[in-house]
Every structure is written in structure tokens, then in C-alpha cells.
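Notebook open, one model on screen.

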Amino acid sequence: MKYRMCNGCDRGLCSCAVGRQDRQLNTYDWLAGVPGNSRSTDLVEVQFKNTRKGYYHNDNNLELKKGDIVAVEANPGHDIGVVSLTGRLVKLQIKKANLKSADDIKRIYRIAKPVDMEKYEEAKSREHDTMIQSRQIAKDLGLQMKIGDVEYQGDGNKAIFYYIADERVDFRQLIKVLAETFHVRIEMKQIGTRQEAGRIGGTGPCGRELCCATWMKNFVSVSTNAARHQDISLNPQKLAGMCAKLKCCLNYEVDEYIEARQSIPGKEIVLQTMDSDYYQFKIDILSHQLTYSTDKNLAANLETISAERANEIIAMNKRGEKPVSLLEEDKIKEPSKPIDLLANADISRFDKAKKKKSRNRSGNNSNVNNNRQNKPQQQTQNDNLQNEQQGKQNVPVNRNAKENNNRPNRNNNTVQSDSTNTNRNKKNHRRRPNNNNKKPKTEGNQ
């Protein structure tokens with residue numbers, strides 16, 4: 001027997017094991033590198049559109065590996081799918097799928113030929129239009145159902161219609177109309193909202209791909225009790241998933257929380273001490289820490305103790321004893337200290353910047369002093385000029401004269417001539433002798 005070894009890694013995983021990662025419900029084959037793994041069984045897992053898978057016998061002993069496109073047996077005709085798993089893990093997958101009889105396992109015909117791929121692509125190109133038309137037909141018939149997806153068989157002889165309905169629907173008339181419209185064999189499959197979310201795919205609030213699209217096949221009912229056991233707030237917006245139902249991940253850790261709660265006292269138990277009575281305020285289930293308050297409804301004088309200490313106090317109360325406080329005798333409650341926001345901060349982290357600034361300032365001051373020392377004469381001259389100007393400014397000046405000088409006058413020439421005439425008249429008036437004392441001349445004297 002000849003064995004084929006798979007060498008090389010892709011992203012830290014064996015490339016033969018990972019195969020195609022663009023398909024939903026991908027299974028990591030951790031036995032792919034083991035010699036003779038693919039020869040151990042003739043069972044092969046084949047994946048079709050979205051999350052539909054089937055299991056087949058490799059009767060023709062074909063050299064198949066993950067990612068090969070094969071033609072498989074169907075009723076009627078044949079179908080086209082992709083090999084998603086080979087080897088020993090296929091048996092475990094069959095158990096997980098809960099196949100009831102061996103007749104459900106059919107056989108693989110061949111590796112797909114170009115003619116098979118042409119028919120397959122032609123059939124797939126009709127799926128979207130068929131879905132839109134079928135929705136309109138169901139609406140015209142007045143059926144309370146939603147057709148979520150349509151899948152054609154690889155040879156185009158059959159179409160599977162996936163629908164969602166809250167109640168039972170009589171779709172016999174719908175099948176007749178669909179068969180007459182599309183001329184293919186019709187198969188109706190009812191799915192839930194979780195199966196629809198898995199077929200569509202997406203990313204959950206955790207940042208990872210949806211569980212129903214990656215690995216989950218069997219869906220278990222989820223109730224709000226799972227959230228209560230885990231002490232999660234009953235907010236429907238946070239508890240609902242992409243399918244508008246409760247998240248499946250609420251059931252993942254609920255068993256651990258239920259087991260951890262068994263050692264934690266109930267909320268209705270009151271702890272009695274010499275100080276006062278304490279009521280349960282909040283609990284941390286995984287760390288087994290309980291917080292008690294002296295007020296039943298408010299957070300007052302909070303004390304945090306372990307579940308073991310709480311059980312000890314309960315046992316003492318049953319015997320009629322009361323401890324001094326909730327804390328253990330060896331432990332003393334430390335007085336609360338004010339929070340120092342700069343406790344771990346380096347206070348000297350700004351010193352370097354201050355030194356640089358001070359150096360720059362000192363350098364600027366020295367430059368100013370040098371300039372003053374180098375130019376004393378200029379400074380004295382400037383001071384003298386300023387003093388002279390101030391002296392001129394201090395001389396009293398008639399405001400009217402200033403205003404007349406500053407005002408623009410169109411008749412400057414006439415004003416100047418009038419002023420000159422008045423000045424001349426004043427001068428002549430001063431120089432004229434006083435002739436009033438002289439005697440008037442008579443005609444005889446003349």
C-alpha cells in the first residue's frame with residue numbers, strides 16, 4: 001500500500017487539513033497528516049450550497065482530497081458538491097448528523113467534468129430569479145410563509161425551496177403552481193430562523209463568525225433561565241442574536257454556573273452580627289465572592305466576604321451565636337484612604353521642558369543687555385530728540401488758530417489779503433500824528 005504525505009503549512013495549520021475556508025460548517029481535519037488516514041474508510045463528506053452536507057461511499061476508489069468538486073448520486077439524476085472531509089473523522093461526523101439508516105449514504109460517481117460544471121453554473125444562475133417569483137406566487141395564494149432560499153440540483157432537474165413559517169402551511173397548491181412555472185421537480189423544506197441565519201452567515205457581537213455557520217448543526221432550545229443562572233441582565237437587545245432569538249452561547253457555560261451556585265448561600269438569608277444585620281447585595285459566582293449591605297435595598301456599609309465565610313456565619317447563627325463582624329478574626333478592615341490620582345505618576349516629568357524654557361529666556365535677556373550696552377549713544381540721542389519734541393508740544397497754542405489752520409478753506413487768498421490789510425491799517429493808525437490840536441488854516445494865512 002502506498003501512502004501520500006502532506007507537507008507544508010498554511011497559517012500554522014496543515015494545508016491538506018484546512019482546505020477551503022470559504023464554506024460554512026468547515027471541519028478541521030487534524031488527522032490529515034497521519035499516513036493512511038484517507039485509506040482507512042471509503043466514506044466521504046460532501047458539502048453543497050451553504051450548510052447542506054451529505055455523506056457518500058467512494059466505491060470507485062478515487063484519489064479525493066479536501067476541495068475536490070465531485071458528481072454524486074441524487075434522486076433523480078446527479079448533484080455537484082465539494083469534498084469537505086475524508087478519513088476517520090467522517091464516521092464521527094455521521095454519528096453527529098444522526099443518520100437513521102445506511103440507505104441515506106449514496107455513492108460518488110466521478111470527479112466533475114467541464115460538461116457537468118456548465119450545467120451546474122446554468123442551474124445556479126436561475127436560483128435568485130426563481131426565489132423572487134416563488135415569493136410572489138406564495139403571496140398571491142395568501143400563504144403565511146416566507147421562502148428564504150432556493151437551491152437547484154447540479155443537473156437542473158430538481159429545486160429545493162427553503163421556507164419559514166410560524167404555523168403549519170398547506171402548500172399543495174403552491175407545489176403545483178411552482179412545477180408548472182419552472183418545469184422541475186419541487187421539494188419543500190421548512191427551516192427555523194436559526195437555520196436561516198446559519199445559511200446566510202455573518203459575524204456575531206463577539207467579533208467571530210456565527211456558531212450556526214461554522215460548526216453548530218443541532219440546535220437546543222435556549223431559555224431566559226440560562227441568563228438568570230449566570231447573573232446576566234435580562235435585556236432583550238443584548239440577549240438576542242442575529243436570528244432575533246436568544247443566543248445559543250447562553251447554554252455553553254450554564255452548567256458551570258449552576259454547579260458553582262450550589263456552594264453559595266441564597267439571597268434571602270440574612271447574616272446576623274453584633275454590629276447589625278447584613279443583606280446580600282451582589283455576588284460573583286465564579287470567584288465565590290459575596291457583597292453584603294446593612295440596608296436591604298441600598299448599598300450601605302458594604303462588606304465583601306467569601307462564600308466559605310458566609311456559610312460559617314450562617315452556621316453560627318443557627319447555633320444562636322453572632323460574630324463580631326463579617327470579616328474573619330485574623331483580618332482587620334483597613335480604613336479607606338483617599339484616592340491619589342498621582343500616586344504612580346512621575347512628578348519630575350516636566351522638569352526638562354522647564355529647564356529648556358528657562359535657558360531660552362536667559363539667553364534672550366543677555367542679548368537685550370548686550371544691545372543696550374553696545375548702543376548707549378543712540379539711546380541718548382533718541383532721548384534728547386524725544387525731549388525736544390515734548391517741549392515743543394508743551395508750548396500753549398490757541399485752539400482757534402489751530403482749527404483755522406487745519407480746516408481747508410477754499411478762499412485762502414481772500415482771507416490772507418484781508419488779514420494783511422487789517423495789519424497795515426493798525427500800523428498806520430499807530431504812526432499817524434495827532435492833528436486835533438493844530439489850528440485850522442484860514443484863508444488869510446494862506
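I started in the loop between strand S13 (289–293) and strand S14 (303–306), where Asn 301 is found. Helices (H or I, at least four residues) and strands (E, at least two) are DSSP runs, numbered from the N terminus. Phi of Asn 301 is near 55°, a positive value in a residue other than glycine. Asn 301 is exposed, at a relative accessible area of 55%; exposed means over 50% with a 1.4 Å probe, protein chains only.

Note on the source: this is a predicted model, where local features need pLDDT of at least 70, side-chain atom pairs count only at pLDDT 80 or more, and totals for chains, interfaces and linings use all residues. Residues are numbered from 1 along each chain as its sequence is written, and side-chain values use heavy atoms, with hydrogens and water left out.

Next I looked up Ala 244, which has a positive phi of about 70° although it is not a glycine. I found Ala 244 in the loop between helix H9 (236–239) and helix H10 (254–261). Ala 244 counts as exposed, because its relative accessibility is 65%.

Then I checked a peptide bond: Asn 75 and Pro 76 are joined in cis, with omega about 0°. Pro 76 sits in the loop between strand S5 (69–73) and strand S6 (78–86).

Last, charge. Asp 255 has its place in helix H10 and counts as exposed at 57% relative accessibility.

Definitions and conventions: Buried means under 20% relative accessible area, exposed over 50%, partly exposed in between (1.4 Å probe, protein chains only).
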